[in-house]
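Please read these points beside the sequence and the predicted model.

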Amino acid sequence: MSSVPRRHTGVRAAGAALAATAALLVAGLSGSASAGTAGAATPSAPTAAETLRTDAAPPALLSAMQRDLGLDRQQARQRLANEAEAGAVAGRLRAALGADFAGAWVRGAESGTLTVATTDAGDVAAIEAQGAEAEVVRHSLADLDAAKARLDRAAAGRDTSGAPVWYVDTRTNTLVVEAVRPAEARSLLAAAGVDTSLARVESRTERPRTFYDLRGGEAYYINNSGRCSIGFPITKGTQQGFATAGHCGRAGASTSGANRVAQGTFQGSTFPGLDMAWVAANASWTATPYVNGAGGQSVQVTGSTQAPVGSSVCRSGSTTGWHCGTIQQLNTSVSYQEGTVSGVTRTTVCAEPGDSGGSYISGSQAQGVTSGGSGNCSSGGETFFQPINPLLANYGLTLKTSGDGGPGPEEPPPGGTWTVGKVYQAGDTVTYGGATYRCLQGHQAQPGWEPSNVPALWQRA
(Lines give C-alpha, C1' and ligand atoms only; values in the text may rest on other atoms or scores of the structure.)
Protein backbone atom coordinates (compact mmCIF):
# COMPACT_ATOMS: atom_id res chain seq x y z
CA MET A 1 0.00 0.00 0.00
CA SER A 2 1.34 3.44 -0.84
CA SER A 3 2.63 5.58 1.99
CA VAL A 4 2.35 8.87 0.11
CA PRO A 5 0.65 11.46 2.38
CA ARG A 6 -2.99 12.38 1.97
CA ARG A 7 -3.46 16.12 1.71
CA HIS A 8 -6.18 17.33 4.05
CA THR A 9 -8.75 18.98 1.81
CA GLY A 10 -9.85 21.44 4.45
CA VAL A 11 -6.57 23.36 4.28
CA ARG A 12 -7.37 25.24 1.09
CA ALA A 13 -11.03 25.70 2.06
CA ALA A 14 -10.32 27.52 5.30
CA GLY A 15 -12.40 30.58 6.07
CA ALA A 16 -11.38 34.21 5.76
CA ALA A 17 -10.09 34.47 9.31
CA LEU A 18 -7.89 31.42 8.88
CA ALA A 19 -6.64 32.67 5.52
CA ALA A 20 -5.63 35.92 7.17
CA THR A 21 -3.65 33.97 9.72
CA ALA A 22 -1.98 31.88 7.03
CA ALA A 23 -1.07 35.06 5.17
CA LEU A 24 1.25 35.94 8.03
CA LEU A 25 3.57 33.19 6.86
CA VAL A 26 3.80 34.59 3.35
CA ALA A 27 4.57 38.04 4.71
CA GLY A 28 7.08 36.72 7.24
CA LEU A 29 5.42 35.11 10.25
CA SER A 30 5.32 37.18 13.38
CA GLY A 31 4.87 36.01 16.92
CA SER A 32 1.22 37.04 16.72
CA ALA A 33 0.56 33.99 14.56
CA SER A 34 0.93 31.87 17.68
CA ALA A 35 -0.83 34.03 20.21
CA GLY A 36 -2.90 31.08 21.37
CA THR A 37 0.13 28.97 22.25
CA ALA A 38 1.65 28.88 25.71
CA GLY A 39 4.95 30.70 25.73
CA ALA A 40 4.34 32.22 22.30
CA ALA A 41 5.71 35.56 21.25
CA THR A 42 4.15 38.78 22.43
CA PRO A 43 4.13 42.03 20.45
CA SER A 44 7.21 43.19 22.38
CA ALA A 45 9.14 39.95 21.90
CA PRO A 46 11.56 39.56 18.98
CA THR A 47 10.36 37.62 15.96
CA ALA A 48 12.35 34.62 14.75
CA ALA A 49 13.69 36.69 11.86
CA GLU A 50 14.91 39.31 14.32
CA THR A 51 16.48 36.70 16.58
CA LEU A 52 18.34 35.11 13.66
CA ARG A 53 19.16 38.53 12.14
CA THR A 54 17.99 37.69 8.64
CA ASP A 55 17.99 41.41 7.80
CA ALA A 56 21.79 41.34 8.14
CA ALA A 57 22.29 38.75 5.38
CA PRO A 58 25.45 39.78 3.47
CA PRO A 59 25.31 40.81 -0.20
CA ALA A 60 27.44 37.82 -1.25
CA LEU A 61 24.94 35.35 0.17
CA LEU A 62 21.96 37.17 -1.36
CA SER A 63 23.68 37.27 -4.75
CA ALA A 64 24.35 33.54 -4.67
CA MET A 65 20.73 32.86 -3.72
CA GLN A 66 19.59 35.01 -6.65
CA ARG A 67 21.82 33.12 -9.07
CA ASP A 68 21.16 29.57 -7.83
CA LEU A 69 17.53 29.82 -6.73
CA GLY A 70 16.25 32.17 -9.45
CA LEU A 71 15.23 34.96 -7.08
CA ASP A 72 15.50 38.72 -7.08
CA ARG A 73 17.11 40.50 -4.12
CA GLN A 74 13.82 41.19 -2.30
CA GLN A 75 12.67 37.60 -2.74
CA ALA A 76 15.93 36.34 -1.29
CA ARG A 77 15.53 38.56 1.78
CA GLN A 78 11.90 37.54 2.20
CA ARG A 79 12.78 33.88 1.86
CA LEU A 80 15.29 34.08 4.71
CA ALA A 81 12.76 35.84 6.94
CA ASN A 82 10.02 33.32 6.11
CA GLU A 83 12.30 30.37 6.78
CA ALA A 84 13.26 31.74 10.18
CA GLU A 85 9.62 32.20 11.16
CA ALA A 86 8.61 28.82 9.74
CA GLY A 87 11.23 27.11 11.84
CA ALA A 88 9.83 28.69 14.99
CA VAL A 89 6.23 27.76 14.12
CA ALA A 90 7.27 24.19 13.27
CA GLY A 91 9.08 23.95 16.58
CA ARG A 92 6.01 25.07 18.52
CA LEU A 93 3.80 22.61 16.66
CA ARG A 94 6.25 19.76 17.17
CA ALA A 95 6.07 20.37 20.90
CA ALA A 96 2.27 20.64 20.83
CA LEU A 97 1.61 17.56 18.66
CA GLY A 98 3.99 15.26 20.50
CA ALA A 99 3.92 11.69 19.15
CA ASP A 100 1.57 12.73 16.30
CA PHE A 101 4.20 14.98 14.70
CA ALA A 102 5.32 13.68 11.30
CA GLY A 103 7.66 16.42 10.07
CA ALA A 104 7.56 19.92 8.59
CA TRP A 105 8.86 21.62 5.46
CA VAL A 106 8.66 24.90 3.55
CA ARG A 107 8.01 25.47 -0.15
CA GLY A 108 7.55 28.25 -2.67
CA ALA A 109 10.02 30.69 -4.18
CA GLU A 110 9.99 32.71 -0.95
CA SER A 111 9.40 29.68 1.32
CA GLY A 112 6.02 31.26 1.94
CA THR A 113 4.17 28.04 2.76
CA LEU A 114 4.90 25.90 5.79
CA THR A 115 3.42 22.39 5.86
CA VAL A 116 3.23 20.38 9.07
CA ALA A 117 2.35 16.69 8.94
CA THR A 118 0.50 14.77 11.63
CA THR A 119 -0.86 11.27 12.08
CA ASP A 120 -4.05 12.54 13.73
CA ALA A 121 -6.70 14.41 11.74
CA GLY A 122 -7.77 15.98 15.02
CA ASP A 123 -4.59 18.09 14.93
CA VAL A 124 -5.46 19.85 11.67
CA ALA A 125 -7.23 22.82 13.28
CA ALA A 126 -4.28 23.45 15.64
CA ILE A 127 -1.86 23.38 12.71
CA GLU A 128 -3.96 25.71 10.59
CA ALA A 129 -4.38 28.10 13.52
CA GLN A 130 -0.61 28.63 13.39
CA GLY A 131 -0.81 29.71 9.73
CA ALA A 132 0.53 26.42 8.38
CA GLU A 133 -0.93 23.86 6.00
CA ALA A 134 -1.71 20.43 7.40
CA GLU A 135 -1.13 16.97 5.97
CA VAL A 136 -2.54 13.87 7.63
CA VAL A 137 -0.19 10.94 7.09
CA ARG A 138 0.19 7.36 8.21
CA HIS A 139 3.59 7.35 9.92
CA SER A 140 4.95 9.61 12.66
CA LEU A 141 8.43 11.08 12.38
CA ALA A 142 9.45 9.02 15.41
CA ASP A 143 8.40 5.81 13.63
CA LEU A 144 10.27 6.75 10.45
CA ASP A 145 13.39 7.74 12.40
CA ALA A 146 13.24 4.42 14.27
CA ALA A 147 13.03 2.53 10.97
CA LYS A 148 16.03 4.46 9.64
CA ALA A 149 17.98 3.63 12.80
CA ARG A 150 17.33 -0.07 12.12
CA LEU A 151 18.58 0.45 8.58
CA ASP A 152 21.73 2.17 9.89
CA ARG A 153 22.42 -0.79 12.19
CA ALA A 154 21.83 -3.31 9.38
CA ALA A 155 24.21 -1.38 7.11
CA ALA A 156 27.10 -1.64 9.57
CA GLY A 157 29.64 -4.10 8.19
CA ARG A 158 27.80 -4.52 4.88
CA ASP A 159 28.87 -3.40 1.43
CA THR A 160 26.28 -0.70 0.67
CA SER A 161 27.95 0.66 -2.47
CA GLY A 162 24.96 -0.51 -4.52
CA ALA A 163 22.52 1.35 -2.26
CA PRO A 164 24.59 4.30 -1.05
CA VAL A 165 22.00 6.80 0.26
CA TRP A 166 19.02 6.50 2.60
CA TYR A 167 16.98 9.06 4.50
CA VAL A 168 13.63 9.94 6.01
CA ASP A 169 11.65 11.99 3.47
CA THR A 170 9.05 13.87 5.50
CA ARG A 171 7.41 15.27 2.37
CA THR A 172 6.37 11.79 1.21
CA ASN A 173 6.21 10.23 4.69
CA THR A 174 8.58 7.43 3.72
CA LEU A 175 12.01 5.99 4.36
CA VAL A 176 13.78 6.27 0.99
CA VAL A 177 16.71 4.13 -0.16
CA GLU A 178 18.47 5.36 -3.30
CA ALA A 179 20.19 2.58 -5.18
CA VAL A 180 22.48 2.04 -8.14
CA ARG A 181 21.39 -1.61 -7.87
CA PRO A 182 17.79 -1.77 -6.54
CA ALA A 183 18.14 -5.41 -5.50
CA GLU A 184 20.75 -4.35 -2.91
CA ALA A 185 18.35 -1.78 -1.50
CA ARG A 186 15.67 -4.41 -1.09
CA SER A 187 18.18 -6.74 0.56
CA LEU A 188 19.22 -4.01 2.99
CA LEU A 189 15.61 -3.26 3.90
CA ALA A 190 14.93 -6.95 4.48
CA ALA A 191 18.02 -7.30 6.67
CA ALA A 192 16.83 -4.35 8.75
CA GLY A 193 13.34 -5.79 9.10
CA VAL A 194 11.78 -2.55 7.83
CA ASP A 195 8.11 -2.86 6.90
CA THR A 196 7.69 -2.33 3.15
CA SER A 197 4.84 0.13 3.84
CA LEU A 198 7.43 2.47 5.39
CA ALA A 199 10.00 2.39 2.60
CA ARG A 200 10.52 3.25 -1.06
CA VAL A 201 13.45 2.39 -3.35
CA GLU A 202 14.58 5.01 -5.87
CA SER A 203 17.18 4.70 -8.62
CA ARG A 204 20.31 6.81 -8.87
CA THR A 205 23.21 6.64 -11.31
CA GLU A 206 26.13 8.10 -9.33
CA ARG A 207 27.77 7.03 -6.10
CA PRO A 208 28.59 9.92 -3.74
CA ARG A 209 32.22 10.59 -2.94
CA THR A 210 34.11 12.69 -0.46
CA PHE A 211 35.64 15.84 -1.93
CA TYR A 212 39.26 15.14 -1.15
CA ASP A 213 41.21 17.25 -3.60
CA LEU A 214 40.61 19.94 -1.21
CA ARG A 215 39.91 23.54 -0.31
CA GLY A 216 36.81 25.11 1.16
CA GLY A 217 35.52 28.25 2.81
CA GLU A 218 39.23 28.95 3.11
CA ALA A 219 41.86 26.43 2.08
CA TYR A 220 44.19 24.63 4.46
CA TYR A 221 46.72 21.86 3.91
CA ILE A 222 47.08 18.62 5.84
CA ASN A 223 50.62 17.36 6.55
CA ASN A 224 51.80 19.64 3.72
CA SER A 225 49.93 17.47 1.26
CA GLY A 226 46.13 17.23 0.78
CA ARG A 227 43.93 20.29 0.96
CA CYS A 228 40.63 20.84 2.77
CA SER A 229 38.40 23.69 3.81
CA ILE A 230 37.86 25.49 7.07
CA GLY A 231 34.27 24.95 8.12
CA PHE A 232 33.64 27.37 10.99
CA PRO A 233 36.01 29.08 13.43
CA ILE A 234 35.46 27.92 17.00
CA THR A 235 36.86 28.22 20.49
CA LYS A 236 37.35 25.60 23.21
CA GLY A 237 37.96 27.54 26.39
CA THR A 238 40.83 29.86 25.50
CA GLN A 239 41.95 27.68 22.57
CA GLN A 240 41.08 28.95 19.11
CA GLY A 241 40.61 26.77 16.03
CA PHE A 242 38.07 25.58 13.48
CA ALA A 243 35.59 22.80 12.73
CA THR A 244 35.90 20.78 9.55
CA ALA A 245 35.21 17.33 8.06
CA GLY A 246 36.60 14.20 9.69
CA HIS A 247 37.71 12.67 6.39
CA CYS A 248 40.14 15.56 5.93
CA GLY A 249 42.59 14.38 8.59
CA ARG A 250 43.18 12.19 11.62
CA ALA A 251 43.98 13.36 15.15
CA GLY A 252 47.60 14.46 15.29
CA ALA A 253 47.82 15.56 11.64
CA SER A 254 49.32 19.02 11.18
CA THR A 255 47.76 21.81 9.14
CA SER A 256 49.01 24.91 7.37
CA GLY A 257 46.97 27.78 6.03
CA ALA A 258 46.30 28.83 2.46
CA ASN A 259 49.46 30.95 2.79
CA ARG A 260 51.40 27.77 3.75
CA VAL A 261 52.12 29.18 7.22
CA ALA A 262 52.01 26.59 10.03
CA GLN A 263 48.50 26.68 11.43
CA GLY A 264 47.56 23.92 13.87
CA THR A 265 46.87 20.26 14.66
CA PHE A 266 43.83 17.99 14.41
CA GLN A 267 42.63 17.37 17.97
CA GLY A 268 39.72 15.06 17.20
CA SER A 269 38.44 13.35 14.06
CA THR A 270 35.68 10.84 13.33
CA PHE A 271 35.17 9.21 9.92
CA PRO A 272 33.36 7.13 8.78
CA GLY A 273 30.26 6.77 10.97
CA LEU A 274 30.25 10.55 11.33
CA ASP A 275 32.27 13.12 9.37
CA MET A 276 33.48 15.64 11.93
CA ALA A 277 36.78 17.02 13.17
CA TRP A 278 38.34 20.07 14.77
CA VAL A 279 41.74 21.71 14.54
CA ALA A 280 43.44 23.69 17.32
CA ALA A 281 45.25 26.67 15.83
CA ASN A 282 48.57 28.06 17.02
CA ALA A 283 49.07 31.59 18.34
CA SER A 284 49.57 33.00 14.84
CA TRP A 285 45.93 32.47 13.98
CA THR A 286 42.81 34.16 15.32
CA ALA A 287 39.27 32.81 15.10
CA THR A 288 36.77 35.23 13.59
CA PRO A 289 32.97 35.02 13.19
CA TYR A 290 33.22 34.96 9.39
CA VAL A 291 32.91 32.71 6.38
CA ASN A 292 34.77 33.62 3.20
CA GLY A 293 32.15 34.78 0.69
CA ALA A 294 32.07 35.68 -3.00
CA GLY A 295 34.78 38.10 -4.05
CA GLY A 296 36.49 37.77 -0.68
CA GLN A 297 33.62 39.39 1.20
CA SER A 298 33.17 38.33 4.82
CA VAL A 299 29.88 36.63 5.72
CA GLN A 300 29.15 36.94 9.42
CA VAL A 301 27.94 33.95 11.45
CA THR A 302 25.64 34.76 14.37
CA GLY A 303 24.41 31.33 15.50
CA SER A 304 23.67 27.73 14.58
CA THR A 305 19.89 27.36 14.51
CA GLN A 306 18.97 24.39 12.32
CA ALA A 307 16.99 25.38 9.21
CA PRO A 308 13.85 23.42 8.21
CA VAL A 309 13.59 21.06 5.25
CA GLY A 310 13.06 23.10 2.09
CA SER A 311 15.06 26.05 3.34
CA SER A 312 17.72 27.79 1.30
CA VAL A 313 21.32 26.99 2.18
CA CYS A 314 24.58 28.30 0.74
CA ARG A 315 28.04 26.76 0.69
CA SER A 316 31.46 28.39 0.67
CA GLY A 317 34.27 26.56 -1.09
CA SER A 318 37.54 27.83 -2.50
CA THR A 319 37.26 25.57 -5.55
CA THR A 320 33.79 26.63 -6.65
CA GLY A 321 33.04 29.70 -4.53
CA TRP A 322 29.53 30.46 -3.33
CA HIS A 323 26.72 28.17 -4.40
CA CYS A 324 23.21 27.88 -3.03
CA GLY A 325 20.39 25.38 -3.07
CA THR A 326 17.86 23.90 -0.68
CA ILE A 327 17.83 21.43 2.19
CA GLN A 328 16.22 18.22 0.95
CA GLN A 329 16.36 15.82 3.90
CA LEU A 330 17.76 15.72 7.40
CA ASN A 331 19.05 12.54 9.05
CA THR A 332 20.45 11.02 5.86
CA SER A 333 22.89 8.10 5.64
CA VAL A 334 25.35 7.91 2.74
CA SER A 335 27.89 5.23 1.84
CA TYR A 336 31.22 6.43 0.49
CA GLN A 337 34.05 4.16 -0.62
CA GLU A 338 35.56 4.63 2.85
CA GLY A 339 32.38 3.62 4.71
CA THR A 340 28.93 4.81 5.74
CA VAL A 341 28.26 8.19 7.37
CA SER A 342 24.94 8.78 9.17
CA GLY A 343 23.11 11.85 10.36
CA VAL A 344 24.17 14.11 7.49
CA THR A 345 21.90 16.57 5.68
CA ARG A 346 21.21 16.20 1.96
CA THR A 347 21.10 19.33 -0.22
CA THR A 348 20.79 20.43 -3.84
CA VAL A 349 23.95 22.54 -3.54
CA CYS A 350 26.76 21.55 -5.89
CA ALA A 351 30.40 21.06 -4.94
CA GLU A 352 33.63 19.74 -6.42
CA PRO A 353 36.95 18.36 -5.21
CA GLY A 354 38.54 21.08 -3.12
CA ASP A 355 35.34 22.01 -1.29
CA SER A 356 35.50 19.37 1.49
CA GLY A 357 35.10 20.56 5.06
CA GLY A 358 33.75 23.96 4.02
CA SER A 359 30.82 25.92 5.41
CA TYR A 360 27.08 25.65 4.87
CA ILE A 361 25.08 28.62 6.09
CA SER A 362 21.41 29.65 6.00
CA GLY A 363 21.14 33.39 6.41
CA SER A 364 23.59 34.03 9.24
CA GLN A 365 23.10 30.60 10.85
CA ALA A 366 25.82 27.97 10.56
CA GLN A 367 24.41 24.65 9.32
CA GLY A 368 27.32 22.27 8.78
CA VAL A 369 30.54 21.29 7.00
CA THR A 370 30.88 19.70 3.57
CA SER A 371 31.11 15.91 3.66
CA GLY A 372 30.68 14.69 0.07
CA GLY A 373 28.29 14.35 -2.83
CA SER A 374 27.98 13.64 -6.52
CA GLY A 375 27.91 15.65 -9.74
CA ASN A 376 29.60 19.02 -10.11
CA CYS A 377 28.87 22.73 -10.42
CA SER A 378 28.72 22.68 -14.22
CA SER A 379 26.06 20.04 -14.80
CA GLY A 380 24.58 20.12 -11.28
CA GLY A 381 24.85 17.84 -8.33
CA GLU A 382 23.99 17.07 -4.72
CA THR A 383 25.96 17.35 -1.51
CA PHE A 384 25.79 16.11 2.06
CA PHE A 385 26.92 18.10 5.06
CA GLN A 386 27.76 17.09 8.60
CA PRO A 387 25.48 19.22 10.82
CA ILE A 388 27.41 21.67 12.95
CA ASN A 389 25.51 21.32 16.24
CA PRO A 390 26.36 17.62 16.81
CA LEU A 391 29.98 18.46 15.91
CA LEU A 392 30.10 21.27 18.47
CA ALA A 393 28.50 19.07 21.13
CA ASN A 394 30.75 16.09 20.42
CA TYR A 395 33.98 18.03 20.94
CA GLY A 396 32.77 20.64 23.43
CA LEU A 397 33.37 23.53 21.02
CA THR A 398 31.83 26.99 20.92
CA LEU A 399 30.94 28.47 17.55
CA LYS A 400 32.64 31.82 17.02
CA THR A 401 29.93 34.44 16.51
CA SER A 402 29.68 38.19 16.77
CA GLY A 403 28.77 37.81 20.43
CA ASP A 404 26.11 40.47 20.08
CA GLY A 405 23.05 38.43 19.15
CA GLY A 406 21.21 40.78 21.50
CA PRO A 407 22.13 42.76 24.59
CA GLY A 408 22.81 40.36 27.44
CA PRO A 409 21.81 41.14 31.04
CA GLU A 410 24.14 43.51 32.85
CA GLU A 411 23.55 41.77 36.17
CA PRO A 412 24.31 38.07 36.74
CA PRO A 413 21.59 36.07 34.95
CA PRO A 414 18.84 34.29 36.89
CA GLY A 415 19.64 30.81 38.11
CA GLY A 416 18.74 27.67 36.20
CA THR A 417 20.11 24.87 34.06
CA TRP A 418 20.30 26.85 30.80
CA THR A 419 23.98 27.21 29.88
CA VAL A 420 25.77 29.39 27.34
CA GLY A 421 27.71 27.26 24.88
CA LYS A 422 25.62 24.12 25.31
CA VAL A 423 24.00 22.61 22.22
CA TYR A 424 20.26 22.07 22.64
CA GLN A 425 18.00 19.91 20.48
CA ALA A 426 14.27 20.27 19.89
CA GLY A 427 12.41 18.89 22.90
CA ASP A 428 15.16 19.53 25.47
CA THR A 429 13.99 21.25 28.65
CA VAL A 430 15.85 23.73 30.85
CA THR A 431 15.10 26.00 33.76
CA TYR A 432 15.84 29.71 33.69
CA GLY A 433 14.76 32.44 36.07
CA GLY A 434 12.52 30.05 38.01
CA ALA A 435 10.61 28.86 34.92
CA THR A 436 10.89 25.75 32.73
CA TYR A 437 11.35 26.07 28.99
CA ARG A 438 11.23 23.59 26.09
CA CYS A 439 13.59 23.94 23.12
CA LEU A 440 11.82 24.45 19.78
CA GLN A 441 14.78 24.43 17.35
CA GLY A 442 18.24 22.93 17.65
CA HIS A 443 20.97 25.52 18.34
CA GLN A 444 23.99 26.37 20.48
CA ALA A 445 23.11 28.74 23.32
CA GLN A 446 24.80 32.11 23.38
CA PRO A 447 24.48 35.39 25.31
CA GLY A 448 21.34 37.26 24.23
CA TRP A 449 19.53 34.00 23.48
CA GLU A 450 18.30 33.37 27.01
CA PRO A 451 15.05 31.34 26.97
CA SER A 452 12.96 34.25 28.18
CA ASN A 453 14.28 36.47 25.35
CA VAL A 454 13.83 34.30 22.25
CA PRO A 455 10.40 32.71 21.74
CA ALA A 456 11.61 31.53 18.34
CA LEU A 457 13.91 29.06 20.13
CA TRP A 458 12.26 28.41 23.51
CA GLN A 459 8.71 27.92 24.74
CA ARG A 460 7.72 28.21 28.37
CA ALA A 461 6.53 24.79 29.50
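1. A residue is called buried when its relative accessible area is under 20%, exposed when the value is over 50%, and partly exposed in between. R107 has a relative accessibility of 30%, and therefore counts as partly exposed.

2. R107 is paired with E133 in a salt bridge whose closest N and O atoms lie 2.8 Å apart. E133 counts as buried because its relative accessibility is 7%.

3. In the salt bridge between R346 and E178, the closest N and O atoms are 2.7 Å apart. The two residues come from distant parts of the chain, R346 from strand β20 (residues 339-347) and E178 from strand β6 (residues 174-179), and they are 168 residues apart. R346 is buried, because its relative accessible area is 13%, and E178 is buried as well, because its value is 5%.

4. R315 and D355 also form a salt bridge, with the closest N and O atoms 3.4 Å apart. Here a residue of strand β18 (residues 312-317), R315, is linked to D355 in the loop between β20 and β21 (359-362), the two being 40 residues apart. Both R315 and D355 are buried.

5. Some salt bridges share partners, and in this way E178, R204, R346 and E382 are joined into one network. The count for the predicted model comes to 12 salt bridges, among them the pair of R346 and E178.

Note on methods
Residues numbered from 1 in each chain as written. Predicted model: local features only at pLDDT ≥ 70, side-chain atom pairs only at ≥ 80, totals over all residues. Heavy atoms only, no water. Salt bridge = Lys/Arg side-chain N within 4 Å of Asp/Glu carboxyl O. Buried < 20%, exposed > 50% of the residue type's maximum accessible area, 1.4 Å probe, protein only. Helix = DSSP H or I, 4+ residues; strand = E, 2+ residues; numbered from the N terminus.
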